[in-house]
Amino acid sequence: MSAPAPATARGSVGAEPDGTGPDGANRALTPRLRTLARRRRPWIVIAGAVLLGALVLAFVQGVARPAGTPMSAENAAPGGARALAQVLAARGVEVVEVRSLEQAERAARGGATVLLHDEQGLLGRDGLADLARAADRLVVARPDFAALEVLAPGVRLAGAAGGALDDVGCELPAAERAGGLSAGQGLLTVDDEAAASGFAGCFADDEAFAVVTGPAPGGAEVALVGSTAPFVNETVGEAGNAALAIGLLGTTDELAWYLPGPADADVAAAPTLQELIPGWVSPVLVLAALVVVSAGIQRGRRFGPLVVEDLPVHVPAGETGEGRARLYARSSARVRALDQLRIGTVRRLQDLLRLPRSAHVDVVVTAAAAAIGRDAASVRRLLVDELPGGDRDLVALARDLDDLERRVRAALRPDSPDPSAPTGRRP
């Protein structure tokens, strides 16, 4: 009964179905870790670059982004205002931080002073007007254009002061106790209409002021401070900043520290996507779509019936063998390469020895050993059992297979010499 071919599609010649060799030892047939790493080196480099970029971005954002909420009464970072809140609490003022317009209005109706700092400009004009109607005393730190238009018509932003300010120039008790302010103050201007309605400025720099007070249209007494410097931890202790902040915020028993949140944003007033997109974008997109379609038609397949044409394909056997050899070398598949060499040698020996293709490899080993006068065990070791430990062993085994085939071919010639004569090759 004939046996299967001497090589399998998976594993080496002579290997058992469970992956062990003839001697029972396990054989590692998969590529090594170094080979896999070399093969995937570009992807490893790309993944490393992405990871490094993410780490750098996270570090930069962590360093650049201020800790905590700016101007928060619970924030002890330089941009927070916890120091001022604690001083006010020690003076008997109940400081309550609120994050919604409804809470601020409820506290204002209860007689609390309201400190407003809308850094993101979330509170709309209607919300500002409602707050001014509900509050009796409103302090606004670094107001924006909308706050000035609603709370103090005629008061405008005027940049920043060039240095410290020591000219009080008003009769506001908190400003008189402060006596002066540190550098970094924002400035506001008061036009004639605003001055006529009761607005006056303190701490003048040219014709602008760091603090402006007056009656809001809603009825509240409003104090506009052009900067957050008198309130935040970093600068509250400089010059008369603390005295001004305490004098403005400590006049009542309760202080509503109002920092508007996302819920206070005026969704109806937000611009739509169509309003945000410039007018030239839509025509350009339409033109680009037409260009893409035209290019596709011009470069694509012509319309019409398909024409089937038989094209001969010829790949030289040498190129196929060379390409397969390069694939084996790249993946370090020495056992697979040796299997292919052994299969070719066994088939050529079958033809030389006039054996059928279905003959077992042991039959081929016995016939080849008898033809050249060599021990059958050494021939079997060469054709089946021996495995290469490296590239040098693979080259040596390939040469021995070629030598075995040439010796068998020479031994079968009528004028062949003694087959047992040595040839100088290793067994």
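In which hand does helix 3 pass helix 9 in a crossing? In this predicted model, the crossing of helix 3 past helix 9 is right-handed.

## Helix 3 and helix 9

Helix 3 spans residues 82-90 and helix 9 spans residues 241-249. Their axes are 11 Å apart, and the two helices pack at an angle of about 55 degrees.

By class, the contact consists of six nonpolar residues, with no polar and no charged ones.

## The largest nonpolar core

The largest nonpolar core has 37 residues. Those that touch the most other members are Met71, Leu115, Phe203, Phe231, Leu249 and Trp257. Two or more residues come from each of helix 3, strand 3 (137-141), helix 7 (173-178), strand 6 (200-205), strand 7 (208-215), strand 8 (221-225), helix 9 and strand 9 (254-258). Helix 9 gives the largest share of this core, five residues.

Leaving aside residues up to four places away in sequence, Leu249 touches Leu84, Leu88, Val93, Leu115, Val139, Phe231, Leu255 and Trp257. Apart from this core lies another, of 33 residues, which includes Val98, Ala108, Ala146 and Ala147. In soluble globular proteins, nonpolar side chains tend to be buried together.

## Helix 13 and helix 14

Helix 13 passes helix 14 in a left-handed crossing.

On the helix 13 side the contact is made by Val346, Leu349 and Gln350, and on the helix 14 side by Val361, Val364 and Ala368. These residues divide into five nonpolar, one polar and no charged.

## Ser378

Ser378 is placed in helix 15, residues 376-385. Is Ser378 buried or exposed? The relative accessibility of Ser378 is 7%, so Ser378 counts as buried, the cut-off being under 20%.

Ser378 and Val365 are separated by 13 residues in sequence, and their C-alpha atoms are 9.2 Å apart in space.

How values were computed
Residues numbered from 1 in each chain as written. Predicted model: local features only at pLDDT ≥ 70, side-chain atom pairs only at ≥ 80, totals over all residues. Heavy atoms only, no water. Axes fitted to C-alpha atoms, helices over the stretch in contact; angles between N-to-C directions. Helix = DSSP H or I, 4+ residues; strand = E, 2+ residues; numbered from the N terminus. Left-handed = near helix turned anticlockwise from the far one by under 90°. Nonpolar A, V, L, I, M, F, W, Y, C, P; charged D, E, K, R; others polar. Core = buried A, V, L, I, M, F, W, Y, C linked by side-chain atoms within 4.5 Å. Buried < 20%, exposed > 50% of the residue type's maximum accessible area, 1.4 Å probe, protein only. Contact = heavy atoms within 4.5 Å.
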